[in-house]
Amino acid sequence: MAEQKPEDELRIGVYICHCGSNIAGVIDPAEVAEWATHLPGVVRATDTLYACADSGQTLIKEDIKKYNLNRVVVSACSVRMHETTFRAAVAEAGLNPFLMEMANIREQCTWAHGHDKEGALKKAKDLTASAIAKARFLNPLTMIKVPVTKRAMVIGGGVAGISAALDLADQGIETILVEKEPTIGGVMAQLNKTFPTMDCSI
Ligand code: SF4
């Protein structure tokens with residue numbers, strides 16, 4: 001299990017994104033940033049207009065050096081959208097990319113709670129505080145490449161299993177389909193008619 005760094009060793013930078021009106025139209029990012037300033041381990045917290053833009057990334061990279069940050073938290077959109085962006089940005093500034101954590105205050109907050117600005121602000125603070133708390137336990141990681149044998153086994157020769165096996169085979173992966181019964185087809189093979197053509201299932 002990851003170990004929390006001693007408080008005096010933590011230097012967390014926190015960035016609260018406006019994303020135009022996507023976030024700033026519902027909550028005040030500057031208020032969340034000011035609030036985050038007082039959380040344990042945080043040495044720098046600020047709002048930023050577009051965190052993923054060049055200007056936003058440059059701010060983070062410069063702050064890593066200026067404030068000697070060893071953790072970065074970006075409160076913005078989903079990890080699916082920009083986790084790789086911010087990991088790459090912190091790596092360019094010399095920080096291990098896995099010491100960056102994101103809070104999703106857009107899709108999971110301002111987009112979902114636009115009708116309740118007060119509640120959205122509270123949730124944005126909670127999500128940011130959670131990401132900061134998690135950042136305290138992050139450890140630097142190293143990416144490695146390992147050889148993979150391109151061979152797959154699908155267990156169950158019903159319709160789903162057959163489809164999966166065919167998809168894998170179409171991708172050039174040697175595939176073994178395992179079925180405990182003497183025939184494949186599963187429940188589907190037991191039907192004598194299928195809707196809407198009323199054809200035999202096999
Ligand atoms: S980081 Fe995400 S939330 Fe911020 S401006 Fe870019 S897309 Fe919008």
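Student: Which hand does the crossing of α2 and α6 have?

Tutor: In this predicted model, α2 and α6 cross in a right-handed manner. The hand is one part of the description, and in general two packed helices are described by the angle between their axes and the distance between the axes. Here helix α2, residues 29-36, packs against α6 at an angle of about 40°, and the two axes are 10 Å apart. Angles from 65 to 115 degrees count as roughly perpendicular and those under 35 as roughly parallel, and α2 and α6 are therefore oblique to each other.

Student: Which residues of α2 and α6 meet?

Tutor: From α2 come Glu31, Val32, Trp35 and Ala36, and they meet Leu121, Ala124, Lys125, Thr128 and Ile132 of α6. Sorted by class, this contact of α2 with α6 holds six nonpolar residues, one polar residue and two charged ones.

Student: How should I read α3 and α4, and at what angle do their axes cross?

Tutor: Helix α3 covers residues 54-66 and helix α4 covers residues 79-92, and their axes come within 9 Å while crossing at roughly 40°. The pair α3 and α4 is therefore oblique, and the crossing in which α3 passes α4 is right-handed. In this contact Gln57, Ile60, Lys61 and Ile64 of α3 meet Ala89, Val90 and Glu92 of α4, and by class the contact has four nonpolar, one polar and two charged residues.

Student: Is Ala135 buried or exposed?

Tutor: One counts the C-beta atoms around the residue, and 20 or more within 10 Å make it buried. Ala135 has 24 C-beta neighbours inside 10 Å, so it counts as buried. Ala135 lies in helix α6, which covers residues 117-135. Setting aside neighbours within four places in sequence, Ala135 is in contact with Ile12, Arg71, Val73 and Glu101. The C-alpha atoms of Ala135 and Asn70 are separated by 9.7 Å, although these residues are 65 residues apart along the chain.

Student: Which residues are around the ligand?

Tutor: The residues around the ligand are Cys17, Cys19, Asn22, Tyr50, Ala51, Cys52, Ala76, Cys77, Met81, His82 and Arg106. Read by class, the shell around the ligand has eight nonpolar, two polar and one charged residues.

Key:
Residues are numbered from 1 along each chain as its sequence is written. This is a predicted model: local features need pLDDT of at least 70, side-chain atom pairs count only at pLDDT 80 or more; totals for chains, interfaces and linings use all residues. Axes are lines fitted to C-alpha atoms, for helices over the stretch in contact, and angles run from 0 to 180 degrees between N-to-C directions. Helices (H or I, at least four residues) and strands (E, at least two) are DSSP runs, numbered from the N terminus. Angles under 35 degrees count as roughly parallel, over 145 as roughly antiparallel, 65 to 115 as roughly perpendicular and the rest as oblique. A crossing is left-handed if the near helix is turned anticlockwise from the far one by less than a right angle, and right-handed if clockwise. Two residues are in contact if their C-beta atoms, placed from the backbone, lie within 7 Å. Ala, Val, Leu, Ile, Met, Phe, Trp, Tyr, Cys and Pro count as nonpolar, Asp, Glu, Lys and Arg as charged, and the others, Gly among them, as polar. A residue is buried if 20 or more other C-beta atoms lie within 10 Å of its own, exposed if 12 or fewer, and partly exposed in between; C-beta atoms are placed from the backbone. A residue is near a molecule or strand if its C-beta atom, placed from the backbone, lies within 6 Å of it.
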